[in-house]
Amino acid sequence: MSSLSRLALCLISVSSATQSFANQEFSSSQSNDNEQNRAQELHDESEHPHEEHKHSGDVEKIVVQATRTGRIADDQPMRVEIINREEITEKATMRPGNISMLVAETGGVRVQTTSPALGSANIRLQGMYGRYTQLLADGLPLYGNQAASIGLLQIPPTDLGRVEIIKGSASSLYGGSALGGVINLVSRRPGDVFSGETLINLTTRDGQDMTAYAESPLSDSLKGSVTAGAHHQQSVDTDGDEWIDLAGYERYSVRPRLFWQGDDGESLYFTAGYMTENRNGGTLTGGQVADGNPFPQAQDSQRTDGGLVFSMPIGDSYTFSTRASAMVQQHDHLYGVVIEDDKHESYLIESSVSGYSDKSDWVVGLAYHSDIYASKTFTEFDYSYEVPGLFAQLDYELTSEVTTSYSFRVDEHNEFGTQISPRISVLYRPGDLTIRGSYGQGFYAPTPFVEAIEAAGLSRLEPIQNLSEEQAETASLDFTYTFENIETSLTLFGSNVENATELEAFSSTDTAIMDRGRLVNADGESQIRGSEVLLRYKWQDIKLTASYLYLDATEEVTQAKDRQEMALTPRHSAGFVAMWEQHGNFRAGFEAYYTGSQQLNNNPYMNESKPYWHLGLMGEITMGRVSWFINMENLLDVKQSDEHPLLLPARAPSGQWTTDIWSRNDGFIANAGVRIKFGG
């Protein structure tokens with residue numbers, strides 16, 4: 001791996017995070033304080049029940065789950081970004097069917113389409129590959145890993161209390177699936193009375209969403225909630241080429257949750273979920289691709305999952321915690337005439353002991369994670385990863401201004417041997433200025449499911465041989481400052497990735513026609529350097545937010561002994577959001593997002609994409625328990641197919657019939673609906 005000194009040369013980046021402002025919310029968000037407080041009670045106590053002893057005060061504190069030691073966001077040496085309930089509510093009216101928009105409009109986060117036919121996508125943090133991002137629900141891997149990136153589009157935001165984002169290697173906390181970072185979806189916690197809400201949404205692209213959430217106390221010590229959703233989208237061909245640009249689907253989901261609090265400080269959280277979806281794309285009936293044949297694509301999914309978190313105090317200073325989860329996801333894929341039937345399974349069991357003193361918080365634990373893939377069609381790609389691990393974390397206050405965090409994990413991977421993942425973070429807070437520095441290393445166990453394979457399936461992939469684990473080191477340096485009603489944030493970040501898995505085309509015949517692909521470890525190093533800037537201003541009922549992201553992401557070209565830009569990674573991107581809001585009455589907003597040019601690989605129409613703008617307007621009026629909303633996205637009607645055809649003139653070696661998606665392809669779309677609250 002490259003040395004830390006090389007990463008210290010990173011360019012400037014600024015986080016659109018709220019980690020340093022979590023306890024300095026503007027007055028406009030104070031009406032959510034009680035809900036946010038309820039939303040934290042169970043896990044705050046289960047992760048670190050002494051927190052009230054250490055961090056009491058008059059100002060609302062947000063305790064972060066994802067870093068394990070349970071410190072409030074302002075006191076975290078590790079950089080954590082928070083999307084609060086207020087922002088979740090805003091985005092839920094724009095995209096109530098999934099969380100893609102919720103995370104996509106966070107600085108340094110890019111939702112990358114991996115299958116142009118089905119619309120599946122994964123989450124890239126600070127330019128790193130999406131397969132390195134671990135998606136958690138209340139600290140549990142209930143959705144599997146990012147290899148099954150269609151899951152991002154199957155999670156409604158209805159029952160979220162907040163979202164926590166750790167950028168950079170978090171393998172020291174969560175193992176190999178978190179090489180690029182962690183997104184932890186924290187659920188809403190029930191209050192003391194029965195309440196809930198129902199949301200109905202319609203779109204101009206013939207889409208419909210209906211979600212419902214209800215919570216209630218069940219006894220003095222037991223509370224429960226349930227979320228259910230039904231979603232439909234008609235297949236849409238926006239450019240008339242007989243290829244579906246907006247995949248059609250029909251999806252149903254339900255998730256109950258139980259929260260128990262014992263008299264002696266014990267707590268138990270349990271959840272279960274079920275989701276079924278039929279998704280269709282590819283050619284329309286009667287349509288065909290360049291070889292003169294139809295090429296329909298489809299994916300039928302069924303996911304069942306369950307998880308629990310238990311915690312109990314041991315004496316005055318220690319806490320025992322255990323968590324476990326199981327997820328089984330069945331897929332039936334259709335790629336033209338090829339049917340692929342497979343199953344993904346993920347299991348976790350983990351136990352830990354934590355404690356604290358006047359100057360330190362610590363946790364030590366054991367974990368066992370299992371990731372299994374089985375295909376009835378292509379059994380040569382089956383794998384079963386069994387990974388026991390030992391982890392530890394120590395947060396120590398050196399002085400009143402300096403706090404350090406040390407985390408360390410050893411995983412014994414059944415395929416890739418012993419893997420050691422360290423991370424160190426430092427918090428320095430001289431007055432109103434907050435400075436955070438962090439450095440970490442981690443690994444990722446490769447699977448067949450790189451982005452190109454998600455789009456094309458396994459039929460043209462050679463059996464995997466001699467792949468090494470992917471490794472990375474990441475570093476960041478953050479500066480945040482608040483002055484009256486102005487918030488500013490500035491971050492340096494960078495990463496070096498070795499052994500990145502990539503798809504290499506080759507010819508299986510003597511004709512030299514590239515007709516198959518194989519997975520290999522890339523030679524050399526992928527290097528990402530970046531800078532993020534955030535400015536936020538509050539004046540009465542108006543909030544203004546501006547952000548800018550710079551990325552210099554390159555990879556080595558072996559034949560030329562040179563470096564080239566990583567594909568689908570814009571060097572420049574920026575955003576501006578203006579929101580006028582009176583709580584309980586109305587909100588109106590305007591947003592503008594700029595995406596710069598991107599390197600395009602294997603695209604016969606252009607080598608570099610054109611920059612584009614995404615503009616949107618939204619409005620919501622609340623009358624008592626009823627809120628009416630309208631939202632308009634992509635006001636400029638940007639479509640990638642306006643720049644070049646989406647369909648390829650010849651099938652790619654991977655089996656894909658389309659170019660990669662570098663822009664939007666749905667055109668202008670509007671949605672409107674109603675949210676009705678009840679109870680409470």
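Trainee: How many helices and strands does the protein chain have?

Mentor: The protein chain has 7 helices and 32 strands. Helices (H or I, at least four residues) and strands (E, at least two) are DSSP runs, numbered from the N terminus. The model is predicted: local features need pLDDT of at least 70, side-chain atom pairs count only at pLDDT 80 or more, and totals for chains, interfaces and linings use all residues. Residues are numbered from 1 along each chain as its sequence is written, and side-chain values use heavy atoms, with hydrogens and water left out.

Trainee: Why does Thr658 count as buried?

Mentor: Buried means under 20% relative accessible area, exposed over 50%, partly exposed in between (1.4 Å probe, protein chains only). Thr658 has 5% relative accessibility, so Thr658 counts as buried. Of the chain's 680 residues, 59% count as buried.

Trainee: Where is Thr658 found?

Mentor: Thr658 is in the loop between strand S31 (626-633) and strand S32 (669-679).

Trainee: Which residues is Thr658 in contact with, leaving aside its neighbours within four places in sequence?

Mentor: Contact means heavy atoms within 4.5 Å. On that basis, Thr658 is in contact with Pro116, Trp243, Leu646, Leu647 and Leu648.

Trainee: What makes up the lining of the largest pocket, by nonpolar, polar and charged residues?

Mentor: The lining divides into 21 nonpolar, 16 polar and 11 charged residues. Ala, Val, Leu, Ile, Met, Phe, Trp, Tyr, Cys and Pro count as nonpolar, Asp, Glu, Lys and Arg as charged, and the others, Gly among them, as polar. Strand S23 gives the largest share of this lining, 5 residues.
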